[in-house]
Amino acid sequence: MIEFDNVSKLYAGDACALRNISLTIPDGELIFLAGPSGAGKSTLLKMIAGIEKPTTGRVMVNGQDVSKLQTSSLPYLRRKLGLILQDQKLLNDRSILSNVMLPLIVTGAAAQEAESRARVALEKVGMLDKANALPLTLSGGEQQRVAIARAIVNRPKIILADEPTAFLDRENANKVLSALKAFQSAGVTCLISSHDEQFLDQASRVIYLSKGQITDSWNSSIAA
Ligand SMILES: Nc1ncnc2c1ncn2[C@@H]1O[C@H](COP(=O)(O)OP(=O)(O)OP(=O)(O)O)[C@@H](O)[C@H]1O
Ligand SMILES: [Mg+2]
């Protein structure tokens, strides 16, 4: 469960990115975070991963106060999260397979174990046939699906995806979204920020942010 308790975020220069956000996200939901540019979507996602800290208020992830975590404890939190952030590109000097193995290798997994789990993750997003390709030879949609594979290779219970369908055509965006929805069906909580209104009806819940505040929030009648 993810909980925001009266969270505000002021960046240096007094930009108020989030204002008094209170929010509870139960396990296993697929939630869309909608709202215009500058609304605070990325800031909200980064707080769950402890990348940004609240100026006031509290962010709890599975009962743990993220804002109180020591820097040294953050890697343990992040291992439970699948992060698909806008500024985390694939490494272009190595294969798709090696990119997806990396999160396991850096946490000490044996190469053989890492490779077999990376192959399973690539399979889940329909990218196993490109395992040996280099990132720059893939389309944007394919690269985004590899980024999802890399995010889920640690078997996280929560996936945070910041604009995963930005710059993709509808067909590729649908594939990316289907991959994320498959994880939700397997019990993973998915929190996805998007400008893309066409996908909102596929969420179990949509939260609208505007100027750092929740302006609207609704639950879909579609079974999650
Ligand atoms: N590191 C930072 N330093 C100062 N201000 C920031 C920083 N990051 C974001 N902001 C400001 O906080 C507000 C919210 O930004 P945020 O990136 O969370 O919005 P967003 O909804 O993700 O926008 P977009 O749809 O363009 O990605 C904006 O006014 C932005 O200028
Ligand atoms: Mg953003």
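1. Helix 1 is mostly covered, with seven of its eight residues buried. The buried ones are Lys 41, Ser 42, Thr 43, Leu 44, Leu 45, Met 47 and Ile 48. Buried means that 20 or more other C-beta atoms lie within 10 Å of the residue's own; 12 or fewer means exposed, and anything in between partly exposed, with C-beta atoms placed from the backbone. Helices (H or I, at least four residues) and strands (E, at least two) are DSSP runs, numbered from the N terminus. Just after helix 1, Gly 50 has a positive phi of about 75°.

2. A word on the basis. The model is predicted: local features need pLDDT of at least 70 and side-chain atom pairs count only at pLDDT 80 or more, while totals for chains, interfaces and linings use all residues. Residues are numbered from 1 along each chain as its sequence is written, and chains are lettered from A and ligands numbered from 1 in the order in which they are written.

3. Now the ligand. Around ligand 1 there are 13 residues, and Tyr 11, Ala 17, Ser 37, Ser 42 and Thr 43 come nearest. A residue counts as near if its C-beta atom, placed from the backbone, lies within 6 Å of the molecule or strand. Helix 1 (residues 41–48) gives the largest share of this shell, three residues. By type, the shell has five nonpolar, seven polar and one charged residue. Here Ala, Val, Leu, Ile, Met, Phe, Trp, Tyr, Cys and Pro are nonpolar; Asp, Glu, Lys and Arg are charged; the others, Gly among them, are polar.

4. The largest nonpolar core holds 61 residues. Val 100, Ala 149, Ile 159, Leu 160 and Cys 190 have the most contacts inside it. Helix 5 (residues 140–152) supplies the largest share of this core, six residues. The core draws at least three residues from each of domain 1 and domain 2. Such a core is a set of buried Ala, Val, Leu, Ile, Met, Phe, Trp, Tyr and Cys residues joined through C-beta atoms within 7 Å.

5. What does Val 100 touch, leaving aside its neighbours within four places in sequence? Its contacts are Ala 118, Ala 121, Leu 122, Val 146, Ala 149, Arg 150 and Val 153. Contact means C-beta atoms, placed from the backbone, within 7 Å.

6. The domain assignment gives domain 1 (1–80 + 156–224) and domain 2 (91–155); such bounds come from an automatic or database assignment. Their C-alpha centres lie 23 Å apart. The contact takes 13 residues from domain 1 and 14 residues from domain 2. On the domain 1 side, helix 6 (residues 170–185) gives the largest share, seven residues. That side divides into 10 nonpolar, one polar and two charged residues.

7. Four strands form an open, antiparallel sheet in the order 2-1-4-5. Strand 2 and strand 5 (64–65) are at the edges with a single partner strand each, so one side of each has no neighbour in the sheet. Strand 4 (residues 56–61) pairs with strand 5 over two bridges. Pairing requires at least two DSSP bridges between two strands. Val 61 has Gln 64 in strand 5 as its bridge partner.

8. Two backbone angles deserve a look. Asn 6, in strand 1 (residues 2–10), has a positive phi of about 50° although it is not a glycine. Asn 20, in strand 2 (residues 16–25), has a positive phi near 45°. Asn 6 is partly exposed, with 13 C-beta neighbours inside 10 Å. Asn 20 is partly exposed, with 13 other C-beta atoms within 10 Å.

Definitions and conventions: Contact = placed C-beta atoms within 7 Å.
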